[in-house]
Amino acid sequence: MKSGFVSVVGKPNVGKSTLINTLVGEKVSIVSWKPQTTRDKILGIVNGEGYQVVLADCPGVHTPKNALSEYMMKSVGSAVEGVDAYIYVIACSKKIDDVDMQYINKFISSGIPLFIVINKCDEVKPEAIGQKIDSLKDLKGVKAIIPVSALTGKNCDLLLKELVNVLPEGVAYYDTDSYTDKTVRFMVGEIVREKALRLLGDEIPYGICVAVNRYEERDDGLVSIDADIVCEKQAHKSIVIGKGGAMIKKISTMARQDIEKLVNAKVYLNLFVKVKENWRDSASLVGLMGYNIKDL
Ligand SMILES: Nc1nc2c(ncn2[C@@H]2O[C@H](COP(=O)(O)OP(=O)(O)OP(=O)(O)O)[C@@H](O)[C@H]2O)c(=O)[nH]1
Ligand SMILES: [Mg+2]
């Protein structure tokens with residue numbers, strides 16, 4: 001069979017996680033309109049007739065400002081080592097800048113097949129897509145430039161076909177019925193964080209992490225979960241809770257609905273809000289981010 005690893009890299013918010021979810025056909029990685037949504041490398045596994053493509057979703061590339069973003073950039077560094085192909089994603093309506101070119105040139109000089117994916121083509125006129133392709137056509141050593149819409153799925157099948165073509169003959173690296181390397185516990189934490197990102201105003205979500213402290217499958221079939229939403233400031237805590245608990249209730253209801261789909265069972269989700277001042281600057285906490293932060 002054809003099998004291998006592919007890193008998906010690009011600036012924040014260009015649609016890397018959406019693309020991986022579409023290619024995998026499952027919600028592997030959370031998505032929001034706020035940049036820097038993905039914080040960690042997450043594998044999405046596409047299993048098909050005669051192939052297995054393991055896609056690494058990476059945090060958007062940016063200049064680190066604190067220990068958290070340093071951790072995020074390290075995870076990009078680890079995700080681009082020893083892979084069989086690269087996908088570099090740009091958004092069609094965004095200018096290609098020096099950061100993009102640095103990565104593109106680095107990938108070209110590695111000699112490993114590079115696909116440049118122009119995403120969000122549903123947002124622009126066809127002429128704009130043509131212009132974007134033209135602006136890249138002089139680059140030597142790019143396997144293909146593929147315009148897609150990760151949102152509508154347009155051309156994603158073509159991208160998958162091209163990817164499979166460049167992968168070596170090998171074995172399945174993961175169970176052919178699994179679609180990610182992450183645990184249910186991790187995904188639960190991410191779902192809660194996604195709802196917080198989507199429901200809260202601009203400033204607060206960046207300072208939030210979620211720790212799933214208890215995950216219990218009860219005898220009656222119900223799944224009972226305790227999770228902490230950790231924020232950076234006391235003032236943020238009351239915003240996350242909301243007036244009369246309205247905000248935390250909204251986050252909890254939306255997250256519970258998604259978690260029920262994920263685990264295929266009724267879920268009892270108990271959310272707590274905690275404060276850990278400036279946790280993003282604390283390298284030791286960042287290492288645990290998103291999993292179990294016991295010592296808060
Ligand atoms: N119109 C349109 N929107 C898209 C498309 N793909 C992604 N989006 C939107 O773009 C926003 C960012 O998508 P993500 O998938 O979270 O982007 P990302 O590159 O993973 O972002 P980071 O994790 O922050 O680096 C979300 O609001 C998506 O719904 C697309 O093809 N078309
Ligand atoms: Mg992402």
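The questions below ask why parts of this predicted model are described as they are.

The model is predicted, so local features need pLDDT of at least 70 and side-chain atom pairs count only at pLDDT 80 or more, while totals for chains, interfaces and linings use all residues. Residues are numbered from 1 along each chain as its sequence is written, and chains are lettered from A and ligands numbered from 1 in the order in which they are written.

Q: Why is Gly82 called exposed?
A: Gly82 has 9 other C-beta atoms within 10 Å, so Gly82 is exposed. Gly82 sits in the loop between helix 2 (67-79) and strand 4 (85-91). Between Gly82 and Phe5 there are 8.2 Å in space, C-alpha to C-alpha, and 77 residues in sequence.

Q: What makes Lys120 buried?
A: Lys120 has 22 other C-beta atoms within 10 Å, and the definition asks for 20 or more, so Lys120 is buried. Lys120 belongs to the loop between strand 5 and helix 4. Phi of Lys120 is also positive, near 65°, in a residue other than glycine.

Q: How do you know that strand 1 and strand 3 pair?
A: Strands are DSSP runs of E with at least two residues, helices are runs of H or I with at least four, and both are numbered from the N terminus. Two strands pair if DSSP finds at least two bridges between them. Strand 1 (residues 2-10) and strand 3 (residues 51-57) have seven bridges, so they pair, and they do so in the parallel sense. Ser7 stands opposite Ala56 in strand 3, and Val8 stands opposite Asp57 there. Strand 1 also pairs with strand 4, in the parallel sense over five bridges; Gly10 stands opposite Val89 in strand 4.

Q: What makes strand 2 and strand 6 edge strands?
A: Six strands form an open sheet in the order 2-3-1-4-5-6, with mixed pairing. Strand 2 (42-48) and strand 6 (144-147) each pair on one side only, and they are the edge strands. From one strand to the next the twist averages 25°.

Q: Why is one side of strand 7 and of strand 9 left without a neighbour in the sheet?
A: The open sheet of three strands has the order 7-8-9 and mixed pairing. Strand 7 (209-217) and strand 9 (267-275) are at its edges and each has a single partner strand, so one side of each has no neighbour in the sheet. Neighbouring strands are turned by 15° against each other on average, direction ignored. Strand 7 and strand 8 (residues 223-231) run antiparallel and are joined by eight bridges. Asp228 in strand 8 is the bridge partner of Ala211.

Q: What angle does helix 7 make with strand 9?
A: Axes are lines fitted to C-alpha atoms, for helices over the stretch in contact, and angles run from 0 to 180 degrees between N-to-C directions. Two residues are in contact if their C-beta atoms, placed from the backbone, lie within 7 Å. Helix 7 (residues 234-241) lies across strand 8 and strand 9 and runs at about 155° to strand 9. Helix 8 (residues 246-263) also lies across strand 8 and strand 9, at about 135° to strand 9.

Q: Which residues are closest to ligand 1?
A: They are Gly15, Ser17, Thr38, Gly60 and Leu151, and 24 residues surround ligand 1. A residue is near a molecule if its C-beta atom, placed from the backbone, lies within 6 Å of it. Helix 1 (residues 16-24) gives the largest share of the shell, three residues.

Key
A residue is buried if 20 or more other C-beta atoms lie within 10 Å of its own, exposed if 12 or fewer, and partly exposed in between; C-beta atoms are placed from the backbone.
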